[in-house]
Amino acid sequence: MFSFEDYKEIIRIIKSTGLQASYEEALHRDKFIIMRHDVEYSVERAYDLARVESSMDFTSTFFFQWTNNSYNLLSRKNRDMICDMYERGQNIGLHFALNGMTDMQEVRKQIVKEMHMLSEMLGFEISQFSVHRPSPVVLAENIKLPGIINAYQDEFFTFAENVTEDSTLGVKYMSDANHIWRYGYPDEKNILGHDKVQILTHPFAWTKRGYDNYENYKTLVKEKYVELIESIDRECKDFAEYKDSFLENQ
């Protein structure tokens, strides 16, 4: 699992149904399949997954964190990749981190604030969000804001306690959180067997080759290590003499 070829097969199944939809399109349909990505750790891996989609004439929604410690959303490199994704037809949204907030009114205000800032910085409108690691309380809140789409609002997600793979829900939801497909794998049975489907992936888990959980983290850490070395080298002239030794010792 978690190779680009595996992902292409999921896309193939979705395309065969003709039910692929963005969140805005799904609002007006009785049947839909939404593909969504919450981006953790690596904009590069999200960009690579978006290119896989482009190769199959497929688009989905990528949610990026404003307060992520693993990537700078507004670095020139990352912003260029995100804008390229947008220009290729991908939908871009905010992956909102609660960061300890529990007051739902304050949460609503912060979501609007971060979406406005992100729109200003990226140069195009951000009008949808997903919540990072939402608690049952947040999911039950069913947050709805004027002119804004919540990936977890009840049109796209059915909240219920103690959900299992076999639970009967209005919307079939599948997620690859922690390198494990929760609530079912998006195969033909699960995709074709429901009128309304939302699939969530985390792009850091997906690579050309596909790895188990440990090897995936190992390659991810290596990529971030090299990224840091290259960033220091671009900024500090006196680092050049040390660069090769750091790369050799990774």
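Trainee: Are Tyr23 and Phe156 buried or exposed?
Mentor: Tyr23 is buried, and Phe156 is buried too. Keep in mind that this is a predicted model.

Trainee: How do the rings of Tyr23 and Phe156 sit?
Mentor: Their centres are 4.9 Å apart and the planes stand at 80°, so this is an edge-to-face pair.

Trainee: Which parts does that pair tie together?
Mentor: Tyr23 belongs to helix H2 (residues 23–26), while Phe156 is in the loop between strand E5 (149–150) and strand E6 (172–175), so the pair links parts 133 residues apart in sequence.

Trainee: And what about the rings of Tyr173 and Tyr183?
Mentor: That pair is tilted, because the planes are at 40°, with the centres 6.2 Å apart. Tyr173 lies in strand E6 and Tyr183 in the loop between E6 and helix H7 (188–192), so the parts they tie together are 10 residues apart in sequence.

Trainee: Is Tyr173 buried or exposed?
Mentor: Tyr173 is buried, at a relative accessible area of 10%. Tyr183 is partly exposed, at 31%.

Trainee: How many aromatic pairs does the structure hold?
Mentor: It holds 17. There is also an aromatic cluster formed by Phe2, Tyr7, Trp181, Tyr185 and Trp206.

Trainee: Switching to helices: how do H3 and H4 cross?
Mentor: The axes of H3 (residues 43–55) and H4 (residues 76–87) come within 10 Å and cross at roughly 20°, so the two helices are roughly parallel to each other. The crossing of H3 past H4 is left-handed.

Trainee: Which residues make the contact?
Mentor: Among them are Val43, Tyr47 and Ala50 of H3, and Met81, Ile82 and Met85 of H4. The contact residues split into seven nonpolar, one polar and three charged.

Notes. Residues numbered from 1 in each chain as written. Predicted model: local features only at pLDDT ≥ 70, side-chain atom pairs only at ≥ 80, totals over all residues. Heavy atoms only, no water. Phe/Tyr/Trp six-rings, centres within 6.5 Å; stacked < 30°, edge-to-face > 60°. Helix = DSSP H or I, 4+ residues; strand = E, 2+ residues; numbered from the N terminus. Buried < 20%, exposed > 50% of the residue type's maximum accessible area, 1.4 Å probe, protein only. Axes fitted to C-alpha atoms, helices over the stretch in contact; angles between N-to-C directions. Parallel < 35°, antiparallel > 145°, perpendicular 65-115°, else oblique. Left-handed = near helix turned anticlockwise from the far one by under 90°. Contact = heavy atoms within 4.5 Å. Nonpolar A, V, L, I, M, F, W, Y, C, P; charged D, E, K, R; others polar.
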